[in-house]
Amino acid sequence: MRRQLLFLTLLTAFSISACRREIMTTGKISRASGEAAQEARERVLWEKERLMDPAIGAIPPMIREKELAFAATLPDDRSAQARRAGINGDWNFRGPWNVGGRTRALAIDVTNENVLLAGGVSGGMWRSTDGGNSWSRVSDGMGHPGVNAIAQDTRPGREQTWYYLSGEAYGTSASGGSAFYLGNGMYKSGDGGLTWASLSSTVSGTPHVFDNVWDVTWNVVTDPGNLIQDVVYGACFDAIYKSVNGGTSWSLVRGNAGVQSTYSYFTDVAVSPTSVVYATLSSDGPQKGIWRAPGGTGFVNILPSNFPPNYDRLVIGIDPNNENIVYFFGPTPGYGRMSTDFQGDTLWNSLWKYEYLSGNGTGTGGTWTDLSPNLPGNIGVFNGLNTQGGYDLVVKVKPGNSNVVFIGGTNFFRSDNAFADSTQTTVIGGYALGAALPFVDEYPGHHPDQHALVFLPSNPDIMYAGCDGGVSKTLDNTASNVVWEEKNLGYITSQFYTVTLDHGGNSDVIIGGLQDNGTYYSNDTNSTADWFHSFDGDGSYCQITDGGSYYYFSKQQGKIAKTTVDPSGQVTAYRRIDPIGAENYQFINPFVLDPNNQDVMYLCAGQYIWRNDDLSGIPLSNQWDSIATNWVRLPDTLPTAGEEITALAISRQPAHRLYYGTNKRHIYRLDSANTGVPQRIDITYSLFPASGYTSCIAVNPQNADELLVVFSNYGVYSLFHSSDAGANWRKVGGNLEQNTGGTGNGPSCRWASILPVSDGTVYLVGTSVGLFAADTLITNSTVWVRQGSTTIGTAVVDMLDCRESDGLVAVATHGNGVYTARITSINDITTGTAFANRQPEFSLFPNPARDRITLQVASGTMSRPVHITLLDELGRELRSLSANSIDNLTLDVADLHAGLYYVRLQDELGTQQRAFIRQ
């Protein structure tokens, strides 16, 4: 139990700030200081607080797998009932077609160098057959979306076998997506990466002592030198695992898999062409060091005595021209090469070169050279070496030329003399040379934060890079000025936090804030049209005045700019406008414009509401600092210690009514909020969840007495509705809750919208498992139906925006771009009506069950062939059978442990799933 609690603490502690500063898993800032460290801390708190189950103070373990399994039981617009009702539930992908998301996995097929595979940390696995000019998703859009590392079996005749690790161990923003996109273990393909299946040995918890070790992973590699066994290695949390049978089973070869009170969080593994294995385990664990093992057995620690005592993540670069030479690169706090970031925080990194000579490689059997003094220092404000504690880290030697060594942190560097000195080092990517605030430009065709680098086999001058902006390619990595071309067309992995429409007229403009990619702009409805970068940082809340006269962009920690833009979304003039003295912002911090007077803005900051009474009085002077102009801080403070405002909503009819919610379950109302000092009215419902994080308040634009409140935490009841301005409330989470009290494996609800249409009202809810809709809210029994099952799928939906005038709805996903639809009638969505008055196609009884459970099929619905699968709570297949027809089929469940299980039926019309409890 103690190990489990340690691991839960770990999972809720790591993150990366908008300044891309890492945090160690203990919850402490990783030997960092200053404002950047504070921002990192704030992001961790924001992510954890809005998602954690308040009952345990942590995000529930394995919740991604559990919520996906639960979500499979919910009705959707691709189900058999919906099809028979003639409903088309597809939503249109709006973009961006040209913007990639964070990419840590990248590889070129050794049998065909036009075939690339790339993985988004929350966007799935993608495959290109034309060198990155176009992409197709090859992982299941309804399954686990995270990809962290990839490897091909390169041995002759085995090249169709691939492996990838799911989830991202470090720096994940997928919690902006779904409860920290931890992994679902390792996936394997036997057809060249076209289809993938989870390796049950990496998700079952056996043979590992520590159940969730495969959820925190770093790297996967195969052994090209072993022609007999199918050897694959996985670098996981505090462990290096080895399989000799292609992942069927595993043995622990280094580390302790987190079973002790101290552990090496950071690990890496690499294998030479002749099966020599190198592994690194960070200095915080008992098996810390740099290890070497010919054939993967007999590991010895080759760490030199003068190596820095503190080292975090160390990545490995074996020289492809001489496998006896190996580079080790990473952050070594307090040692190595010192530099500073743009905020003056101190950074330390080291690069060491090892050459194997003889014996087991220890002592005189290997020589070490400390190349750290030759690493880049401060090159301009943003162009220095910053690995952000190991978040962005890569070292590669160019095939064919051992003198050319590439390293990556926020920026990419090339040394033409293998860092023998510092005179032949060139910045070749990341930030633009000379980049500076307030709008920090990127290197043309490239993006900061480097994670992967691969060379074209036929011409190593050509290489591809994977970074926080997707995939880029250069045709000449030897050039004095390396030219990059982004290869993101159709690589749909962008991670949106927010989205906004222009509500004036029928404008085609959409803007949205993305993780680490700022805010992007589109004015073209063509799904393959380019989106344009407008604003930097972590893209946060944004607003457009009706007709597009002004654009309000913001980024992490409440920094807001009033701007004008040209037809391609480029800022033509600006003024930073957030108020002097405001503090304690949410990491992604809300603000709203009053729809009845768009020169009035409401902003939350900690326990206060700030109001700007006249934005028109702020000229665009191209200055970047906080201001006092026309800002008023409303004096009311929140009554609970540690309470902060997390959600805002402003009414249209009646005008100027402001609702706001907090991280401690409270909801308040300000009438006539646009003037004077309005007094707050507490409209908190007694059944709101304790410590519930208010992520959204949705207000009916035609009647502000109607509102939906959304609590985003796992393990709490999520959705509450009022039709009388908060005087009375009712629970409307319905089938989105596994249990009536909100406990269980139901999804995290993130956003809601109320859209009046010609024949009623459409209610939309964005969740961690997709978009849901209803046309009728029923106390405790609302039937929410998934929309866009074949397009949006189970991607995290963080925000919606609806334009009442023409029914345009924009859906922002974290990892799958933006989708739109026009909803002017309840017939434009799939609702519970399609399922009303229809018996379930099958039911299970008794439920709960002890020894056996019977599938009772609705009359005449299952006379055709079907496939039946029994799954556990995580959606893992336990056993299956096929039948030509079913009539009260009984399944033996006596051998199952007590817990939650699912029965899935698949036939020619679709898939259905039901849950049961084994007592």
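In this predicted model, Asp-536 has a relative accessibility of 8% and therefore counts as buried, since the cut-off for that class lies under 20%. Its salt-bridge partner is Lys-555, with the closest N and O atoms of the two residues 3.1 Å apart. Lys-555, at 6% relative accessibility, counts as buried by the criterion that places buried residues under 20%. Side chains of opposite charge can pair when their charged atoms come close, and the count of such salt bridges in this model comes to 24.

**Arg-102 and Asp-468**
- A salt bridge also joins the side chains of Arg-102 and Asp-468, with an N to O distance of 3.9 Å.
- This pair links distant parts of the chain, 366 residues apart, with Arg-102 in the loop between strand S1 (92-95) and strand S2 (103-108) and Asp-468 in the loop between strand S28 (459-467) and strand S29 (470-474).
- Arg-102 and Asp-468 are both buried.

**Arg-576 and Asp-578**
- Between Arg-576 and Asp-578 there is a salt bridge in which the closest N and O atoms are 2.8 Å apart, and both of these residues are buried.

**A salt-bridge network**
- Four residues, namely Glu-47, Arg-50, Arg-750 and Asp-798, are linked in a network of salt bridges.

Conventions:
Residues are numbered from 1 along each chain as its sequence is written. This is a predicted model: local features need pLDDT of at least 70, side-chain atom pairs count only at pLDDT 80 or more; totals for chains, interfaces and linings use all residues. Side-chain values use heavy atoms; hydrogens and water are left out. Helices (H or I, at least four residues) and strands (E, at least two) are DSSP runs, numbered from the N terminus. Buried means under 20% relative accessible area, exposed over 50%, partly exposed in between (1.4 Å probe, protein chains only).
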